[in-house]
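Subject: Structure for your review

Hello,

Here is the structure we discussed. Notes on what was found follow below it.

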Amino acid sequence: MTENNSQVRISENKGDDLDVNRTNNNVLLSVNDLKVWFELRRLGFGVSGYVHAVDGVSFDLHYQETIAIVGESGCGKTTLMKSILALYQPTEGDIFFEGQQLSELKGEGMRKYRSQVGYVQQDPYGALAPFMTVRGILDEPMIINGIRNRKERQERIFNALEEVKMSPPGDFLDKFPHMLSGGQQQRIVLARAMLLEPKLIVADEPVSMLDASVRVEILRLMQSLQQRHHLAVIYITHDLSTVRYFSERVFVMYAGQVIEQTLIENIVHNPLHPYSQALMEATSDPDANNATKFRDVPPGEPPSLVTPPEGCRFHPRCPHKIDGLCEVEVPPYFTPEPDQKVACWLYR
Amino acid sequence: MADKLLDVKDLRLFFRTSKGVVRAVDGVDFELTRNRAVVIVGESGCGKTSMAKAILRLLPKNVDTYSGKIFLNGVDTMAMTDEEYRVKMRWVKMSMVPQAAMNSLNPVLKVGDQVAEPAIIHNNMSKEVAIQQAVKMFQHVGVPNDFINRYAFELSGGMRQRVAIAMSLVSLPELVILDEPTSALDVLTQANIFNVLKQIKKELGMSFILITHDIATSSELADDVAVMYAGQIVETGDAFSFFDAPLHPYSIKLMSSVPRLRARQEPDFITGQPPSLLNPPTGCRFKDRCPSRFERCEEEPPAFSVNGRTVKCWLHAK
C-alpha cells in the first residue's frame, strides 16, 4: 500500500526516472531530484551564495538491495547520506521512505523512521562516546526507543555482539572504545546500527580508516548481516575495488551530481563517462608493472560547489570536451547501453 | 654489484611507556640500491613509521633502546653525534615527507619560504638562491610558480601535499622517506602524485623509501618490497617476484586481502590481530594467525634467502 504511494509520487515527479532496469514495486527508499544547498553568509547576515552540495540526484533503492555511491571527497556523497538520515532538510526535491515523505515526519514519526535506518560512520573511534562502555553505547538507542525491560536489552546486546563476531560478549561489555582495536570498534558501530532491527543501513566509508587486512572482514560481516536480516544497504565509498565485491548497482557522483549509473561490472569493463574512466584508470591493482607506467588521469581538482562550472561540471578537466556544447549545456542522461545511464554529451 | 645506497643492520628502537617497553623496531635488516624505491608495507602498529624515524634519527624523548647500524654510502651514521648527524645527514642526504604532511605546513608562512628553508639551513644557500631552488622544485612536483607567495590554507589538499614533497626535495638529498604520502588524498589526486614521484625518480635520480599499508597503490612506485610484521621485516624481494608470488604466509594473506578491480578474485582477510609489541610472542611472531604453523615455529626463524629474496619463515628453510 505504501509502496503504491511512492510509485505514484515518482511518476508524478519525474518522467525520466533514473532507474534503468527495475520496476518500482518494491521500492524502500526513493530520492527524487534532491537538491541540498547550504547558505554562505556574509558578515552574519545576508546570503552571498550557496554551496550546491547535492544538485539534482534521483534514485530508487529496493528492499534488500545494496547500492554503492562512489565519488571523491567534496562530491556531495556525505551530504546525500545525511539527507537520507534526515539530518539535513532538502532545499528542493524529496526523499520517500516506504512512501512517506521525510520532510513531513515530526516527533514520534521521525523517531520511528530513525530507528529503521542504521548508520555506520566512517571513523569508528569518533563515532563511539569515549566515556561510555560498550554496554552503555549499545543500551542508549534502545532506551531512547522505549525498550524498558532491562533483561530484554541485555539479551539484545548479547545477540548483537554475537552477530558481529565479538564473542564472548561478556568480555567486551565493560570495555571503553579506546581499549578496542579499530576493527573491533567498527564492529561495535555495526552492532549499534543493527540493534533496532533497521530496514536500511547507510554506511559512509565504513572501512576507509581501517587496516587493509581487516577491511574485507568488516565488509563481509556487513554483507552477511544484510543477507540474514534482509537489509538494504547504501555503501558510500571512494574505492571502486571494494565496490566490485560488495555491491551490484553503482552511482558515480561528481560535483553534487550522479554522472553515471549502472552495474559495477559495466564500470569495470566499459566505463562510459570520462570521469568514471578516470576513476578506473587511477585505481591500482597490486602489479609491479605499475611502477613503470604513468597514469593517464586528468589534472586539476573537482570544482568549487559555490560556483560550479556551467554546462557539464567535468568539462574543465575533461579530455573529450566538445567545444561549444559541454561548457554551455548541462548534459541530460543518455542510455547508450541498456542498464547504463550516463550524463555526457559524447553519447548524444 | 649494484650501487648500495642504504644498508640497515639489526636496527632496534624501543620506547619506554607506563606499561613497559614497546619493541617498535626489533632487529630490522634491509638494503636499498641507488635510484630505486623500496616499499615498506604492513598493518598499522607494525613499526613502519618508527623505523623511518629511527633511520632519520627523529626520536622522541622516551627512547629505551636505539641500536644497530645504518650505513649510507658506506658511512656509519650511527657513529655520528647528534650535531654531526644534523649537519651532515638530515635533509642533506636524507629527508622525509611525514604522515599527513599536508596538514603540518606552517599556516603563517608563505609556502615558498617554507620550502626554501631547508636549503637555507642545510645547504647554506642565500635566501634568493633558495627561493629559486624552491621554484624549481615546484616545477618538478607540478605546483604553479606563483604559488610560492601563497599560504597553505589557500591550497587544496593535493597541492599542499605537493608542497610538502617539494620541501623534502629542495636540498637535493639522495634518499627521501615518504610516510603514507597519499593516504588522505582522493583517487585521482593520488594517481597524479604518484605520476609526480615517478617523474622525480627519473629526473633527479633519487631513491625512495615508501611506507604504506596500501599494497595496491604501493605498486605504483615499488622496485623492491619489504613486508613488516610486529616490528620485524618478514620478507624482502624485488617487486616483480613479490607481486607475482609472495613467500611469507603473512605476505600471502596480505596480498589476498586486497580487493582486485580488474581481475575477479574474492578477497580474503587475516583473522586475529597483530601481537602487542609490549611482549611479543617468542618464536615466529605470526604463528598465532598463520595457516601453515608447525612445531618449528616456536623457535624464531632467521631470514632465509631464496633466489635473491629473503623470507623469515621456517617453511623456506633449506
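Which residue in strand 12 of chain A does A:Glu260 stand opposite? A:Glu260 stands opposite A:Val342.

This is a predicted model, in which local features need pLDDT of at least 70 and side-chain atom pairs count only at pLDDT 80 or more, while totals for chains, interfaces and linings use all residues. Residues are numbered from 1 along each chain as its sequence is written, chains are lettered from A and ligands numbered from 1 in the order written, and side-chain values use heavy atoms, leaving out hydrogens and water.

The sheet

Strand 10 (residues 257-263) and strand 12 (residues 340-342) of chain A pair in the antiparallel sense over 2 bridges. Strands (E, at least two residues) and helices (H or I, at least four) are DSSP runs numbered from the N terminus, and two strands pair if DSSP finds at least two bridges between them. An open sheet of 8 strands in chain A has the order 6-7-8-3-9-10-12-11, with mixed pairing. Strand 6 (117-120) and strand 11 (334-337) of chain A stand at the edges with a single partner strand each, so one side of each has no neighbour in the sheet.

The helices

Helix 5 (residues 134-144) and helix 6 (residues 150-163) of chain A pack at an angle of about 120 degrees, their axes 10 Å apart. Axes are lines fitted to C-alpha atoms, for helices over the stretch in contact (heavy atoms within 4.5 Å), and angles run from 0 to 180 degrees between N-to-C directions. Helix 11 (residues 274-282) of chain A lies across strand 3 (66-70), strand 9 (249-254) and strand 10 of chain A, at about 105 degrees to strand 9.

Regards
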